[in-house]
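Thanks for coming. I will go through one structure today, beginning with a single residue and then moving on to the wider layout.

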Amino acid sequence: MKNFKMLINAGDKLGHINREIYGHFSEHLGRCIYQGIYVGEDSPIPNIHGLRKDVIEAFKQIKMPVLRWPGGCFADEYHWKDGIGEKSTRKRMVNTNWGGVVEDNSFGTHEFMELCELVGCEPYISGNLGSGTVQELAEWIEYMTFDGISPMAELRRKNGREKPWKLKYLGIGNENWGCGGNMRRGYYLDEYRRYQSFCKNYSGNKLFKVACGPGGDGEDWFKWTEELMKNLDTNQCNAISLHAYNVPNWEHKGSATDFTEEEYLTVLHLANYMDDRITHHTEVMNRYDPQNKIGLIVDEWGNWFEVEPGTNPGFLYQQNTMRDAVVAALMLNIFNRHSRRVIMANIAQVVNVLQAVILTEGEKLVKTPTFHVFDMYKEHQEGDCVYCWSENENIAENLKKNVPMLSSSASVKDGVMTVTLANCSITEDAEVCCDVCGFEAKSVEAVILTGEVHEFNSFDEPEKLAVKPYSAELKDGRLTVKLPACSVVTVTLK
Ligand code: AHR
């Protein structure tokens, strides 16, 4: 058992945790949209206009704040007019990015917006800058948000939606340095400036425009961030994106369920590096925007492993173990701590793809360990992130990597303090003894998610890993909590 001293100072606010930090990402990729979210109205699986009821309920449970769609790489090949109107006449196309399968466009703008309304989350539309046109994107916005008389508003009404939707988040291109057009930074910047000029605020709707930011760190990526920050103001851009996956090696990504301790620590090291990556880009952003007017949105993050044996390699379907839970806990703590600059984060992807929170098989649904972490962390949403320090130990020192054994963050909202902790060691228990200053706690409650690191929830055993009530001690303003090896704990102080 390792003992760690910890200090939380509620008087020292680090930032406001936007609920969108707990955001999600969905793409027309594998079984994310089709089968995962949308099964069609004629499906025997209970649905609302084709949208799975069980999935909607699960999204509501974790208070999903925002959902990004339709991609990803798919977004820069997506032509929104193919996905509206009578379903039987919608264009059938090839999904060139993901498995070359037929995309029948039965899930389009109306279906996505209805999903967001049912869940109660903000839609985040990723617009096509790579292979679309300025007119096409401008018309999509008119279609979704204009309340008056116009060709696109009329078309929307003809398709059954009288009132416009509210659309806040608009991404203008996705990974345009890669699958979104292989553009150089100056070229993308100019294209971005041109496209955003025609993305109008209609009928009281106010767009929050997101530019395609870097895909990593290092000199070239800092230059990408700098190019945007130097040449865009808040009338043109409200945030820039950052994409970063934890991929041990692109040639041999490793199994999602069968891994050694060294492989576990390698993934944790990559996850923990998000802290440095954000710090580095924040330093560049601070030079041009010291007042944090332009946000950083990590709109794709998570673990990327080999697909489950026997599944389509283009579908990116992977299982989700306690390793994924620890990674999610660690990364969400990092986003909380950077909440002054990081205003949104979207895990990739929401159902059946990469580090999914939900897996489906026919009518069956599994909530993954990562889902449970989102459930345990949801009370951070809209809280103030407060100073939280702990003693720590690097458990990957012998591999010349950096993995702190303990991960933590704390927030205060409406007189309630939420403290989230992870013990990243898979071999050693820990005990944390924490002084809590600037907050008068009278009661303490805790919940835990723990298991052997390779364990996962399967369709045969969907509740093998679940959140359970736990105990923590509070005495004279001092909190004591034990963290078993490979565990995530939420402590609530009132
Ligand atoms: O999430 C899978 C893919 O990863 C996305 O389509 C793309 O944006 C990224 O490279």
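**A glycine and its surroundings**

Leaving out residues up to four places away in sequence, G451 touches M322, L465 and C486, where contact means heavy atoms within 4.5 Å. Before going further, some ground rules: this is a predicted model, in which local features need pLDDT of at least 70 and side-chain atom pairs count only at pLDDT 80 or more, while totals for chains, interfaces and linings use all residues. Residues are numbered from 1 along each chain as its sequence is written, and side-chain values use heavy atoms, with hydrogens and water left out.

Back to G451. It lies in the loop between β20 and β21, the latter being residues 468-470. On naming, helices (H or I, at least four residues) and strands (E, at least two) are DSSP runs, numbered from the N terminus. G451 counts as buried because its relative accessibility is 18%, and buried means under 20% relative accessible area, exposed over 50%, and partly exposed in between, with a 1.4 Å probe and protein chains only.

C486 is found in the loop between β23 (478-483) and β24. At 2% relative accessibility, C486 is buried too. C486 is not a glycine, yet its phi is positive, about 55 degrees.

**Backbone exceptions**

Some background for that last point: most residues other than glycine have a negative phi, and most peptide bonds are trans. Where else does a residue other than glycine have a positive phi? S203 does, with phi near 50 degrees. S203 sits in the loop between α5 and β10.

Then the peptide bonds. G71 and G72 are joined by a cis peptide bond, with omega about 15 degrees. G72 is in the loop between β5 (66-69) and β6 (93-94). A cis peptide bond also joins A348 and Q349, with omega about -15 degrees. Q349 belongs to the loop between β13 (342-348) and β14 (358-361).

**Two buried side chains**

C199 is in the loop between α5 (185-197) and β10 (208-211). With a relative accessible area of 4%, C199 is buried. Apart from neighbours within four places in sequence, it is in contact with L137, I141, L170, I172, L207 and K209. C199 and K209 are 10 residues apart in sequence, and 8.8 Å apart in space from C-alpha to C-alpha.

H24 is in strand β2, residues 23-25. Its relative accessible area is 0%, so H24 is buried. Which residues does H24 touch, not counting those up to four places away in sequence? They are I62, M64, V66, L67, R68, A345, N346, I347, V350, V357 and F374.

**How the chain is divided**

Now the wider layout. The domain assignment gives domain 1 as 2-9 + 387-493 and domain 2 as 17-382; such bounds come from an automatic or database domain assignment. The centres of the two domains, taken over C-alpha atoms, are 29 Å apart.

How many residues of each domain are in contact with the other? 41 residues of domain 1 are in contact with 41 residues of domain 2. Between them the domains bury about 3400 Å², 67% of it on carbon and sulfur atoms. Buried area here is the accessible area (1.4 Å probe) that two parts lose on being put together, summed over both.

The count between the domains is 1 salt bridge, that is, a side-chain nitrogen of Lys or Arg within 4 Å of a carboxyl oxygen of Asp or Glu. K413 forms a salt bridge with E379, with the closest N and O atoms 3.5 Å apart.

On the side of domain 1 that touches domain 2, the elements giving two or more residues are β17 (406-413), β18 (416-423), β20 (444-450) and β24 (487-493). The largest share, 6 residues, comes from β17.

That is the end of my walk through the model. I can take questions now.
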